[in-house]
Amino acid sequence: MTAQRSKPGICSTQDYSFEAVYVARQPVFDRSMNIWGYELLFREGQLSSSARIQDGNIATSKVIMDGFSLASDLIARGQRLLINYPEEMILQGAPNALPSETAVVEILETVRPTEAILRRCSRLKSEGYLLALDDFVGQPEYEPILNIADLVKIDVLDMKKHQIEVLVSQFKSNHSVQLLAEKVEDQDMYNLCRELEFDLFQGYFFSRPEIISGKKLSASHIARLEVLNVLNSADLDLKLISEIIQHDISLSYRLLRYINSPGIGVTHVIKSINQAVTLLGQQRIAAWLRVLIMADLNSSPRIGELLFTSLQRARFLESITMINDSVPLSRDNMFLLGLFSQLDAIMVQPMEELVCCLSLEEEVKNALLGHNQDLKQWLDLAVACERAKWEETDHLLRKLEISPAETAKKLNQAMVWTKHFLNIARLKP
């Protein structure tokens, strides 16, 4: 089925143009589940998976030129950006191209701890840069780097509990640097690493709900889902939308801030809810409300990151319909597919229970439940891009016959658009 075209999405901002470079950001959480920073992961748009890191110097340079400038606009004050550096780039002084107060120099496990490397790292440290050692598994030859490092990353994905305990015990007795557990894939591993006094955590555990058997939807959650359900009705009228907003002072305040913000295209100040709703129209105002309702379900940093990636997926899938006529759903429904793709993690409820409460197209429901593989592969593409699964990305791009360069640009534009939208829409009185 060919995608049906419809009106523009939630808001219209300036046309952001980027080089054909994929930039994925993976959050790093502290012990309080606040976002400490992000690791930047890179892939150039036209490269196949087999060639993507043939030249680590070029890859890192592209991150510096394209990735950092993009991602630095997407972080809060005080947050850090981790960037991988191969040996030659460190020796050439590439880390100095970025500000020491934001960029963290991540030393790859392939970097040899030579005298030249140690001198350069010591100089970077004296200049205020944080140094992180990647994929440390206890190699004794890296002791000189450990003595000057600020942060050590330990890949816990394939490690047994006793292996992690031994490594942490040995490490803590000799060093005072921060420990970062990477590839933390589930709640059990997060709990273990936290008990072992890791300082920072990276992985996809935050995007998977820890569902307690027998737990039911709360009254507030049911009320929110009912509003979402109303917004999905095909015959929704603008008067009803206005009433929903006018009964919530926070929504009213944020709508007026949003409609009068730069980039929306309004030429005069809008002072009434009815006027704002009429100006935006049913589709755009309903989409705006969906995001705000989801944002208000929980204000924790973890939920904030889930909301960001959900909205980024929504915008990305919506924009894909503009470059490929074989997308199986309308632009609106592709947006909903991305937006609700992590609703189970946000509401900490099984997706099976949630989709039953929403008026969605059956194709969208089945894709969210993993039953419609033809449609789910579009969602899989969005997830693969954001998680830097480049081989899977390549496979899906070929299968779906989408241009890698165009996909990279749409992904990056979706990232910037999401930040812009949330900066405006999540303002509260």
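Does Met33 count as buried or exposed, and at what relative accessibility? Met33 counts as buried because its relative accessibility is 15%. Buried means under 20% relative accessible area, exposed over 50%, and partly exposed in between (1.4 Å probe, protein chains only).

The model is predicted, so local features need pLDDT of at least 70 and side-chain atom pairs count only at pLDDT 80 or more, while totals for chains, interfaces and linings use all residues. Residues are numbered from 1 along each chain as its sequence is written, and side-chain values use heavy atoms, without hydrogens and water.

Met33 sits in the loop between strand 1 (21-30) and strand 2 (35-44). Helices (H or I, at least four residues) and strands (E, at least two) are DSSP runs, numbered from the N terminus. The phi of Met33 is near 65°, a positive value in a residue other than glycine.

Ala388 also has a positive phi, near 60°. This residue lies in the loop between helix 16 (373-386) and helix 17 (390-400). Ala388 is buried, with a relative accessible area of 17%.

Helix 16 packs against helix 11 (residues 301-320) at about 125°, with the axes 10 Å apart. Axes are lines fitted to C-alpha atoms, for helices over the stretch in contact, and angles run from 0 to 180 degrees between N-to-C directions. The two helices are therefore oblique to each other; angles under 35 degrees count as roughly parallel, over 145 as roughly antiparallel, 65 to 115 as roughly perpendicular and the rest as oblique. Contact (heavy atoms within 4.5 Å) involves, among others, Phe316 of helix 11 and Trp378 of helix 16.
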